[in-house]
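Today I'm looking up salt bridges and one hairpin.

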Amino acid sequence: MDDASNELDEIHAARQAAGRVQALRARGIPFDPVTQIVALRKSLSGAGPESTARLAAALETTCDRVEVTWNELETLRPSISRLSIAVRRRWGRSAPSLLVAAEFLRTWSDPFVDSAGIETRLELARQALTELQHQLGVEAGSSAVTPSAAPTRPSAPVAPKPPAAPPAWSERPPSAAPTRPRVSAPAIPARRPVQSSPSRLSDSPVASPGAPPGPIPQPLIAWLQTAGGATFLVVGVLVLIGAYDRLHALGALSLWNDEAQSTLLAFSVLRTGYPVISSQHLINNYEPLYPYFEAASIRLFGQTNFAYRLPSAFFGIVLIPVAYYVGSRLRDRYVGISLAAMTAFSSEFIAWSRQARWYILLVLIMAIAFLFATAWARTAVRRERWLLFLGLVALAALGCLASFGLFLVYVPAIFAGGFTYYVARHWEGIRRQFGLPSISDAPLPRARFLSYPQRRWLAVLLPLGVLGFVAIAYASLSQLTTRLISRVVGFTPYPIVWSSNFGTYLAQYYLGVLVLVAIGAIVIVIRRNPVELALLAFCVTGFVGVSTLASLTNDIATIDSSFERHLVPLLFFLFLVAAIGIVEILRYARQLLTHVPTFGRPRRRAWRPLAFGVIVVVLLVLPGVVVPSGQTVNQRPAAFPTGTLIAWNPFSIDPKQPSIIYQAEQADYQGAAEYVLAHRTANQVLAATNPGPPQIYLGQVQYWVRGNPDNNTIVYVGGQATFFQTDSDLIDNTSLMEGMLFNSSGWFISDVPAVPSPKGIVFPGAMWDLLILFFSNVTAADGPSIVLYEWNQTSVPGMLLTLGQKLAPLHRFGTNLSAITDWAATSGVTWSQWRDFFVSIEPYLVRHASSSALPLAVLFQLYNDNPSLQSAFPQVLTGIQHNPTEINQGALVQWAIGTAEGKNPTPVVPGARAMLAPYLSEYESDE
C-alpha cells in the first residue's frame with residue numbers, strides 16, 4: 001500500500017513539473033528541458049537510477065529560476081531597444097556598443113534547455129545595457145534604463161549574484177564568452193524624433209531643459225571616451241602607421257626576379273583575360289590569384305612599380321584590423337590590440353607587403369579563415385554553421401589559388417588543428433569510449449566489438465606501429481612518394497627531408513617572440529579552450545610541415561638556402577599565441593602593482609585600451625631601439641660594404657631596410673633598363689641571366705643566358721629550351737653563345753657580379769671567356785648588383801679584331817688576318833699559354849685556317865666540343881685568370897692516331913674517326 005501511494009505521489013510530482021514546463025511555454029518562454037524530461041521518464045519507467053520525486057523537484061526549481069530570469073529579460077529588452085535606437089541615431093550602425101546589444105536582441109528568444117543558458121543570456125543583456133549606457137553617457141544607476149523589479153515566485157527566491165571584479169586587461173573573466181561577437185546591428189525601423197519629457201532625457205548626453213546651461217558634448221567625443229571608442233582609436237593609429245610603412249616610396253626599388261613572375265602573369269591577364277602558366281613546375285608556380293589584383297591596379301595606375309606592388313601593400317594594411325578582430329574574437333580586445341600592433345610593426349610583414357607577391361594575400365586569407373573557424377566553433381545555430389563551413393571551403397579554394405604549393409604545405413596543420421578541436425570539444429565522450437572515468441556520474445555504455453582495455457591498448461600501439469613502419473620503410477616510402485608526385489604534377493620533386501634552417505631562422509630572428517609564444521602556450525594548455533588548443537596544434541604542426549614538406553619543391557636542406565618566406569603564414573599565428581602571452585604578462589604585472597599608489601593606472605575603464613596599446617607598442621619597438629639585437633644579417637652591398645652586419649629587429653615603426661630579410665642582394669634591373677632604352681637601336685636584341693624583370697621594363701627578351709639553368713625553370717617550345725616566364729631561348733653553352741654573338745648585336749643584362757665565379761655556376765667553362773672578351777662592359781649602368789654589356793661583333797674578322805685590341809701578343813702579326821687566323825686556330829695546341837682565350841671561337845677559326853694548320857685545328861675542334869675527351873685530358877685550361885698549364889700535346893696526338901686507325905674505343909666521340917682519318921699522315925709526322 002505504501003509503495004502504491006509513493007508511486008502515485010511520484011506520478012503527481014512528475015505531472016506537476018511537466019505542467020510547469022507547459023505553462024512556461026504557453027507564456028512564450030522557449031524553455032525545452034530535454035535532458036530533465038528524459039531523465040524523468042526513465043525514472044517513472046524504472047530504468048533510471050534517480051528517484052522521480054527528486055527529479056521532479058529539480059525540474060520545478062529550474063522552472064522557477066527560468067521564470068524569474070525571463071521576467072528580468074523582458075524588463076531589460078525595451079530599455080536595450082530604446083537605447084539602441086538612440087545610439088544608432090547619433091553614431092550610426094557601426095557604433096561598437098550596438099554589437100553586444102544586437103547579439104542580445106537577436107538571441108534573447110532563442111530556445112534554451114536549462115537555466116544556465118537563460119542566465120548566460122541575462123548576463124549578455126546586462127553587458128549590452130552597460131555598453132549602451134556608456135555610449136550615451138548615462139550613469140549605471142539611471143532610472144530611465146534601470147529595469148523594474150520582476151515578479152518572483154515566493155517558493156523560489158533567487159539570491160543576487162555578487163558583482164565579479166573584472167580582470168586587469170579584460171572586460172570579462174577568461175572563461176567567459178567572447179566580449180564582442182561578430183554580429184551586425186539590429187535592423188530597427190527609423191522613427192521620427194519625439195520630444196521626451198525631462199525624466200527621459202537621461203538617455204542622452206545632452207542636458208535637460210531644466211539643467212544649468214553648459215557645453216554640449218559632441219557625439220564623437222562621447223563615443224571616444226568609451227572603451228570601444230578608445231579601442232577604435234588605438235587600432236586606427238596602428239593602421240595609419242602601418243599604411244605609411246607599406247606605402248611610402250613603394251615604387252622606388254626595381255622589381256626583382258620573383259616579382260617579375262607575378263607581374264608577367266598580370267600582363268597576360270590584361271592581354272588574354274586569364275594568367276598564362278607555361279611552367280611545368282605547377283605546384284610551385286601556380287599562383288594566379290594575385291595577378292588578377294595586380295592587373296586591376298595596372299589598369300588603374302599604369303605600368304609602374306607602385307601599381308605592381310599596390311595590391312600587396314593594400315592587403316598588408318587590411319591585415320592589421322583583421323588581426324585585431326582575430327585576437328578580440330579569440331580572447332578579448334587586448335589580445336586583438338597586441339596582435340594588431342605586432343602585425344603593423346613586423347619588419348617581415350612590412351617587407352612582404354612591399355613586394356609584388358602573394359605572401360601577404362595568403363596570410364590575409366588564412367587569418368579570415370581562422371575568424372570563420374572561431375565563429376563556427378562558437379555558434380550552435382545549424383544554418384549559421386553551414387554558412388560558415390561553406391565560407392571556409394571558399395577560403396580554402398582562394399588559398400590554393402593564391403599559392404597552391406605553399407597552401408598545401410599547411411594543409412596537415414589545418415587537419416591537426418581540426419582534430420585537436422574535436423578531441424578537446426568531446427574529451428569527456430572520448431574518455432567514456434575508452435572506459436576512463438569522466439566528470440559526469442553517468443554509467444559507461446556497454447563496450448561493443450572491443451573491450452575497454454583492448455581499446456586503450458589499440459590507441460597506444462596503433463600510432464607506434466605506424467611510426468615504426470614509416471621508420472623501417474622510409475627509403476621505399478620516399479621513393480614511392482617521389483614517383484607518385486612526379487606522375488601527378490609532371491616534375492620530379494626533391495626528396496622529403498627535415499630541414500633545421502627554419503628553426504634556426506626563428507631562434508635567430510624571433511627569439512623574444514618564441515619566449516612569448518611559450519608563455520601563451522602554457523596559458524592555453526592550462527585553460528584548455530578547444531579553439532585555442534586547435535590554434536596551438538596548428539602552429540606546432542605547421543612548423544613541422546614547413547620544415548619537411550617544403551623540401552618537395554625547394555632544396556631547403558642546404559646550409560645556405562634561404563626559404564624563410566615559407567614561414568610568413570605561420571608567423572601570423574605565432575604572433576597570435578605571443579599576443580596571449582603579452583596580455584598575461586601585463587595582467588600579472590598590473591596585479592603586482594595594484595597596491596602601489598604611484599602606479600598611473602587609467603582611472604576610467606574606457607581609457608584602458610589606449611594605455612594598453614601604448615605599453616604594447618613600447619614593449620615591441622623599444623628593445624630594438626635602445627639595445628640593438630645581436631640578430632644580424634648581411635646588409636645590401638649597394639648601401640653598405642659587402643660582408644658588413646647590421647642589427648635586425650623583428651618589430652620597427654619604420655624599418656630602413658625591409659629587404660634585408662631576403663639575405664641576398666636584389667638586382668637593379670630598372671637602372672640598367674633605363675640606360676638600354678636611352679641607347680638601344682631598333683635592330684638590337686636583348687639577353688639576360690634572368691629575363692623576367694628586363695622583359696617588364698624593355699619588352700621581349702630574346703635570349704636567356706644561363707650556363708647551368710634550373711631544370712624546373714625550363715620549358716620546351718617547338719623543341720627549343722626556353723625560360724618558363726618569358727619564352728626566351730636558352731643559351732647554355734659556348735656554341736650557342738657564339739651563335740648569338742655572330743648573328744646579332746644587342747644588350748646583355750646580368751645579375752651576376754663582374755667577377756669570375758669560382759664554381760662556374762652561371763657561365764661555366766669558356767662561356768666566361770667569351771663574355772669578357774667579346775662583350776663591352778657598360779659601366780655607366782653597372783652597380784654592385786647588376787652588370788650591363790653590349791656586343792656588336794657580327795663577323796669572324798670583327799671578333800678577331802676585338803681579340804687584337806685586347807691581347808698584346810697578337811700585335812706582332814700586324815694586320816695580316818690570315819696569319820692571325822692560322823695562329824689562333826692552332827695556338828691551343830702549339831702554344832698553350834693562350835689556349836683558353838680561343839677555345840670559344842675555335843669552330844669559326846677552323847673554317848678560315850690555312851691548309852697547313854687544318855689538321856691540328858680539326859683535332860682541337862673535336863677536343864673543344866666533347867666533354868668526354870676533355871675529361872681524358874684535363875690539362876686544358878678553363879679560366880683566363882688561372883695560371884696556364886701545358887697541354888699534353890703528345891698524348892692528344894697519340895689519341896688522334898689511334899682513333900683514326902680505329903684502335904681507341906674510349907672515350908667515344910661521335911664521328912671522330914671520320915674526321916681524323918684524312919689527316920692520319922699529318923698526325924703521324926707530328927708525333
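First, a term I need: buried means under 20% relative accessible area, exposed means over 50%, and partly exposed is in between (1.4 Å probe, protein chains only). With that I looked up R65, which counts as partly exposed because its relative accessibility is 33%.

Before going on, I noted what I'm looking at. This is a predicted model, where local features need pLDDT of at least 70 and side-chain atom pairs count only at pLDDT 80 or more, while totals for chains, interfaces and linings use all residues. Residues are numbered from 1 along each chain as its sequence is written, and side-chain values use heavy atoms, with hydrogens and water left out.

**Salt bridges**

How many salt bridges does the structure hold? I found 15. To count, a side-chain nitrogen of Lys or Arg has to be within 4 Å of a carboxyl oxygen of Asp or Glu.

I went back to R65 and found its partner: E119, with the closest N and O atoms 2.5 Å apart. The two sit in distant parts of the chain, E119 in helix α5 (residues 115-136) and R65 in helix α3 (residues 52-91), 54 residues apart. Helices here are DSSP runs of H or I with at least four residues, strands are runs of E with at least two, and both are numbered from the N terminus. E119 has 14% relative accessibility, so I wrote it down as buried.

Next I checked E287 and R357, whose side chains meet in a salt bridge at 3.0 Å, N to O. E287 is in the loop between α9 (282-285) and α10 (289-301), and R357 is in the loop between α13 (347-353) and α14 (359-377), so this pair ties together parts 70 residues apart in sequence. Buried or exposed, I wondered about E287? It counts as buried, at 1% relative accessibility. R357 is buried too, at 4%.

Then came E584 and R587, a salt bridge at 2.7 Å, N to O. Both are in helix α23 (residues 568-592), and because they are 3 residues apart, about one helical turn separates them. I noted both E584 and R587 as buried.

**The hairpin**

Last, I looked at strands β5 (residues 714-717) and β6 (residues 720-723), which run antiparallel and are joined by 4 bridges. DSSP has to find at least two bridges for two strands to pair. Y716 stands opposite A721 in β6. The hairpin has 2 residues between its strands, and G718 takes a positive phi near 65°.
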